[in-house]
Amino acid sequence: KCRVAYNVIDKEEFYRLAKCGPGFTIKEKPIILSIGRLSEEKGYDLSLAACKILKEKGIHFKWYVIGDGKERLHIQREIERLSLQNEFVLLGMKENPYGYLADCDIYVQSSRSESYCLTLAEARSFYKPIVTTDISAAREQLKRNQTALFSDLNEIDLSEQIEKLLVSRALREKLISNLKKENSNTFEV
């Protein structure tokens, strides 16, 4: 018998790092987190547009991004152009992002393409409700409407999927419960 193990992760080490690392100290609004290089293929333009839609609907949240890259200045300008300074915050590169991941309410991956998305595996290990674009890397790790919500590659659907999680505690709890059940049956260090 064989078993395929993609990028085996050490959950216990993540939990240890989360306890000793920085995180979100003030949580007056639901916290959305994205982690990844600030580059075109990560789809931050979709995230910004979805953020704008959610803001215009009067939904309260704060969306943080951990990472850096060649698109940082462009993304920062878009945040200002769209008047999203209070909703969409670039935190820069963090040596230990696990405290932030442990503290967030929803994890969002808006990528146009990925190989194996390690940040999705990390969010899964913390049992975070996930919204991801419908890419093959996400379909390898997650089950639609069971362990994550999948979005088409556009800002309208992305905002709708995020909104579902922001307004429905029951849906968040369902995803968390399913992630816990699934993770108890997967191969991890």
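1. Let me start with Trp 63. Setting aside neighbours within four places in sequence, Trp 63 is in contact (heavy atoms within 4.5 Å) with Ile 32, Leu 33, Ser 34, Ser 47, Cys 51, Glu 87, Phe 88, Val 89, Val 108 and Ile 162. The residue sits in strand β2, residues 62–66; helices (H or I, at least four residues) and strands (E, at least two) are DSSP runs, numbered from the N terminus. Trp 63 counts as buried because its relative accessibility is 0%; the cut-offs are under 20% relative accessible area for buried, over 50% for exposed and partly exposed in between, with a 1.4 Å probe and protein chains only. As for Ser 125, its C-alpha atom is 20 Å from that of Trp 63, and the two are 62 residues apart along the chain.

2. A word on the model before going on. It is a predicted one, where local features need pLDDT of at least 70 and side-chain atom pairs count only at pLDDT 80 or more, while totals for chains, interfaces and linings use all residues. Residues are numbered from 1 along each chain as its sequence is written, and side-chain values use heavy atoms, with hydrogens and water left out.

3. Next, the helix pair α2 and α7. Two packed helices are described by the angle between their axes and the distance between the axes. Here α2 (residues 44–56) packs on α7 (residues 155–167) at about 55°, and the axes are 8 Å apart. That angle makes α2 oblique to α7. On the conventions: axes are lines fitted to C-alpha atoms, for helices over the stretch in contact, and angles run from 0 to 180 degrees between N-to-C directions. Angles under 35 degrees count as roughly parallel, over 145 as roughly antiparallel, 65 to 115 as roughly perpendicular, and the rest as oblique. The crossing of α2 and α7 is right-handed, meaning that the near helix is turned clockwise from the far one by less than a right angle.

4. Who meets whom in that contact? From α2 come Leu 46, Ser 47, Ala 49, Ala 50, Ile 53 and Leu 54, and they meet Glu 155, Ile 156, Leu 158, Ser 159, Ile 162, Glu 163 and Leu 166 of α7. Sorted by type, the residues of the α2 and α7 contact are nine nonpolar, two polar and two charged. Nonpolar here covers Ala, Val, Leu, Ile, Met, Phe, Trp, Tyr, Cys and Pro, charged covers Asp, Glu, Lys and Arg, and the others, Gly among them, are polar. Ser 47 and Ile 162 are also among the contacts of Trp 63.

5. Now the aromatics. Rings of Phe, Tyr and Trp (its six-membered ring) pair if their centres lie within 6.5 Å; planes under 30 degrees apart count as stacked, over 60 as edge-to-face and the rest as tilted. The count is six aromatic pairs. One of them is Phe 14 with Tyr 98, stacked at 4.5 Å centre to centre with 20° between the planes. This pair links distant parts of the chain, with Phe 14 in α1 (residues 11–20) and Tyr 98 in α4 (residues 98–103), 84 residues apart. Phe 14 is buried at a relative accessible area of 10%, and Tyr 98 is buried at 11%.

6. Tyr 98 has a further partner, Phe 126: the ring centres are 6.3 Å apart and the planes lie at 20°, so this pair is stacked. Phe 126 is in the loop between α5 (118–125) and β5 (130–133), 28 residues from Tyr 98. Both Tyr 98 and Phe 126 are buried. Ring pairs link Phe 14, Tyr 15, Tyr 98 and Phe 126 into a cluster.

7. Look at α5 and what comes after. Seven of the eight residues of α5 are buried: Thr 119, Leu 120, Ala 121, Glu 122, Ala 123, Arg 124 and Ser 125. Tyr 127 follows α5 and has a positive phi, near 55°. Asn 145 also has a positive phi, about 60°, although it is not a glycine. Asn 145 lies in the loop between α6 (136–141) and β6 (149–151) and counts as partly exposed at 37% relative accessibility.

8. Thr 133, in strand β5, is buried at a relative accessible area of 1%. Not counting residues up to four places away in sequence, Thr 133 touches Gln 109, Ser 110, Ser 111, Ala 138, Phe 150, Ser 151, Asp 152 and Leu 153. Ile 75, in α3 (residues 72–81), is buried at 5%. Leaving aside neighbours within four places in sequence, Ile 75 is in contact with Leu 38, Tyr 44, Leu 48 and Leu 90.
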